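Let us learn to read a structure through questions and answers. Have the sequence and the 3D view ready.

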Amino acid sequence: MLRACLRGANATARNNFGKTRLTNLQHCRHYTAGETSGGGAAKVVAAGLVTVGGGIGGTILYAKWDNKFRAAVENNVPYSDWLLGLALGPPSPKSGLPIKKQELAQPPSMMDKQTNVSKAKSEKKVKEAAESPASEMSPVPIQPAQSIEEASAEATHIISAISEVTSVPAPCDTEGAAVKEEYKDCHEHQDTSVTAAVHPDTESPTATEPLKERPVEEVAAILAQQDQEEQDIATSVSASLEESLTSSAKATLQAIGAQEAALQAITRHTLKLKEAMEAEVPPQEKSAQWKDLEAALADRTGAVNDAETALSKANEALDSLKSVIDKSKGLKVSAVRPLVLAAEENLHNMVVDLDKVVTKVHSAESEAKIVSQYSELVNEAKQQFQREVSSLTPEIQANWKGLTGKLSSDDLNALIAHAHRRIDQLNRELAEQRVREQIHIDAALEQQKLEDQKALEKAVSTALQHIKEEARLEQERKLSELREVMEAEMRTQLRRQAAAHTDHVRDVLKVQEQELRVDAEQVLSSKMLEQETRYRQLSQEQLDNFTLDMNTAYARLKGMEEAIDSHVVAEEEARKAHQLWLSVEALNYTLKTANADIPTVPLEGAAQAVRDSCHDSDFALALSSALPEESLHRGVYSEASLRARFNSLRSLARRVALIDESHNSLYQYFLSYLQAALLFEEKQEAPPAQLCSEDLDPFKLLSYASYCLEHGDLELAAKLVNQLRGEARRVVEDWLTEARLTLETRQVVSLLSAYANAVGLGTTQAP
Amino acid sequence: MADEHGRKWDRCLADTAVKTVTGLGVGIMFSVLFFKRRTWPVSLGSGLGLGMGYANCQHDFRSPYLIHGRVVKDQ
């Protein structure tokens, strides 16, 4: 375009110059003079050069400003890229894409890192997870294994222990009940050892079987005997103890009572004596008092004697009780021990009471002694005085208080002088006594001390004895308690052992039972299976034979029925096939109704007929529905008409061969027309088997297509025409569509006819 | 489709002829009326007419290949 413009401009410029020279000369004369025609040519050349240079400069400037224009110029004008590069430098690089690429490169690396990290993490986790379950699994199996081992070890221990224990019956020195239990366990152990031949730890149970049975019975008898004896002894001992206890108790009570009575008598006596000594009462009452006193004394002596005897009796009884207790202790039977203990306690208590009462009596006696000594002294003094008085005055009678009227003054004086002398004497005695008072008191104190000490010692000894006795009793009691506790504990442990043993035995029995059951069931099931299979076989044979006969008969019947049915069906099919074939033939015939430039009649009717005649064949239905709409409603052109059309189209296509989307200006049209006019190609040329790029030239294609059409190959012609591009293609589009339609319809019809033929052939029956 | 080509040519030529003649006429008119019977308005007019016809013709022939775009607003 640019060159055209340039040329045009040059041409017009020249024309203008040429045309307006005459007119310009008139104007130019005023301004310029001496313009020659040579200068005119030079001017023209110069103007041309200037224009060209200006054009090139403008192009370069514009290219500098607009890169796209530069690229376009470089693409279209040869050597312009060299020129522009020289003038402007290399084109500026496009920096947009590489950055993007870099950015794209960076995130992938980050993602890779992340994925790697995550992969590593996941791997680690997987490893850990694998390890931890493994490690968890390993300790867990180890622990159960350990526990199982331990349990098995324990079991073996127990089994071995039991097997060992069975040979020795438990020693029986304790309660009969506990022993009986143990005996029972022993018996059971024996049984298990008899039945558990499976256990490897039992030591030849079968050999020791007869040996062990007998001792057990004997031991049982002995044990029973022992029990009986013990019980007898216990009863007897308890009876004797009771007897002695009661007797001793009675005696002690009696003794205590007697002692109490003695005590009371003594106290009464002493009281009376005191009264008698101190009280100043008239003589009659005095004699009565003295009589009372004597009576009391008698009482006292009697009571004391009674007390003595009772005490002795009680002591005897206590001694006997003690002896009985000792004897029963010597028997070593546990049943009587508490009884013994109780008896001892009672004994002790009685002894204590007795001693207390005895001490009381002794203290009362000592008091009484003092009082009696005092009374004796007083009596002695009185008698002494009486004797003195009687010696002085012999005629005076005993009852001297009533003699006051009979006595003379001499007697009285003598009596008074005697009295004075007595008084002097007594005073002297008194003084003497006072002097010896201290010594006597000391002696008396000493004596008293000795006596007190003796008494104290006695009391201490008795108290010590009592305490010792008490302590011993306490100890005995505690011992018995402890023994009971121990007995109970031992009983519980034995019971536990027995329970464990029973559990074990139960388990073993269960296992054995199961095993035996399994075996028995297996045998039973195998036998049953055998029988069943045999029975089934026989019955099956029978059935098979019968079914075979039945089947053969039935099959023959069925065969006959089927043959008949198939005949019917085949005839039906044949009819249908004939119908289909007829309809397809009709369709085929309609295709031939096309004339030159007139399409066929619409194929709708024939197609409908075909559809009606092939309801059950999907293939045929599909094919009949595959007929293009145009052909159904309008009909298709025949091959001849298409051929004729093509010839006219060919020239048109030749004329617009150069035109396409990019080359479609009028100038191109002109060039294309020129080409068509100048280019000659074969009218018809055989197309090669394979098209190469040279063959895609429209002229060649058209000659190939003509050849194909002349030889009746519409399909290949259409294919070749399909290769046209650009305006030529647009021009032949219509023809191509029509050709396609015709080809489609023909194909469908041919398929249908082939199908109908095939069906028809298929339905013919072999003679 | 083949006929279309022929029809286009007919239209094109007719249109060009009309335009050229019209241009010529206008040019003559202008030349006579305003430009003192110079030749250049005539040639200009005829050239204009020819050019327009050419352009129209070309546009007509290019019409199936022209893509008419529309601005789609981003929403």
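## Reading the helices and their contacts

Q: How far apart are the end C-alpha atoms of residues 16–35 of chain B, and how much of the span is helix?
A: This is a predicted model. The end C-alpha atoms of residues 16–35 of chain B lie 25 Å apart. The span is 90% helix and 0% strand.

Q: Which feature does UniProt place at residues 16–35 of chain B?
A: An unreviewed UniProt entry places a "transmembrane region" there, at residues 16–35 of chain B.

Q: How many disulfides does a search of the whole structure find?
A: The search finds 1 disulfide over all chains. B:Cys12 is joined to B:Cys57, with S to S at 1.3 Å.

Q: Is that disulfide of B:Cys12 and B:Cys57 left-handed or right-handed?
A: Look at the torsion about the S-S bond. Here it is about -115°, so the disulfide is left-handed.

Q: Which helices hold B:Cys12 and B:Cys57?
A: B:Cys12 lies in helix α1 (residues 2–33) of chain B, and B:Cys57 in helix α2 (residues 40–62) of chain B. The pair therefore ties together parts that are 45 residues apart in sequence.

Q: What describes two packed helices?
A: Two values do: the angle between their axes and the distance between the axes. Take helix α16 (residues 666–678) of chain A and α2(B). They pack at an angle of about 75°, with their axes 9 Å apart. α16(A) is therefore roughly perpendicular to α2(B).

Q: Which residues make that contact between α16(A) and α2(B)?
A: From α16(A) come A:Leu666, A:Tyr667 and A:Tyr669. From α2(B) come B:Tyr54, B:Cys57, B:Gln58 and B:Phe61. By class, the contact of α16(A) with α2(B) has 6 nonpolar residues, 1 polar and no charged. B:Cys57 is also joined to B:Cys12 by the disulfide.

Q: At what angle do helix α17 (residues 698–710) and helix α18 (residues 714–722) of chain A pack?
A: The angle is about 170°, and their axes are 8 Å apart. So α17(A) is roughly antiparallel to α18(A). The α17(A) residues A:Leu701, A:Tyr704, A:Ala705, A:Cys708 and A:Leu709 meet A:Leu714, A:Leu716, A:Ala717, A:Leu720 and A:Val721 in α18(A). This contact of α17(A) with α18(A) has 10 nonpolar residues, no polar and no charged.

Q: At what angle do the axes of helix α15 (residues 639–655) and helix α19 (residues 727–763) of chain A cross?
A: They cross at roughly 165° and come within 10 Å. α15(A) and α19(A) are therefore roughly antiparallel to each other. The crossing of α15(A) past α19(A) is left-handed. The contact of α15(A) with α19(A) has 10 nonpolar, 1 polar and 5 charged residues.

Notes. Residues numbered from 1 in each chain as written. Chains lettered and ligands numbered in written order. Predicted model: local features only at pLDDT ≥ 70, side-chain atom pairs only at ≥ 80, totals over all residues. Heavy atoms only, no water. UniProt positions renumbered as here; feature names shortened; annotations may be inferred. Helix = DSSP H or I, 4+ residues; strand = E, 2+ residues; numbered from the N terminus. Axes fitted to C-alpha atoms, helices over the stretch in contact; angles between N-to-C directions. Parallel < 35°, antiparallel > 145°, perpendicular 65-115°, else oblique. Left-handed = near helix turned anticlockwise from the far one by under 90°. Nonpolar A, V, L, I, M, F, W, Y, C, P; charged D, E, K, R; others polar. Disulfide = S-S within 2.5 Å. Contact = heavy atoms within 4.5 Å.
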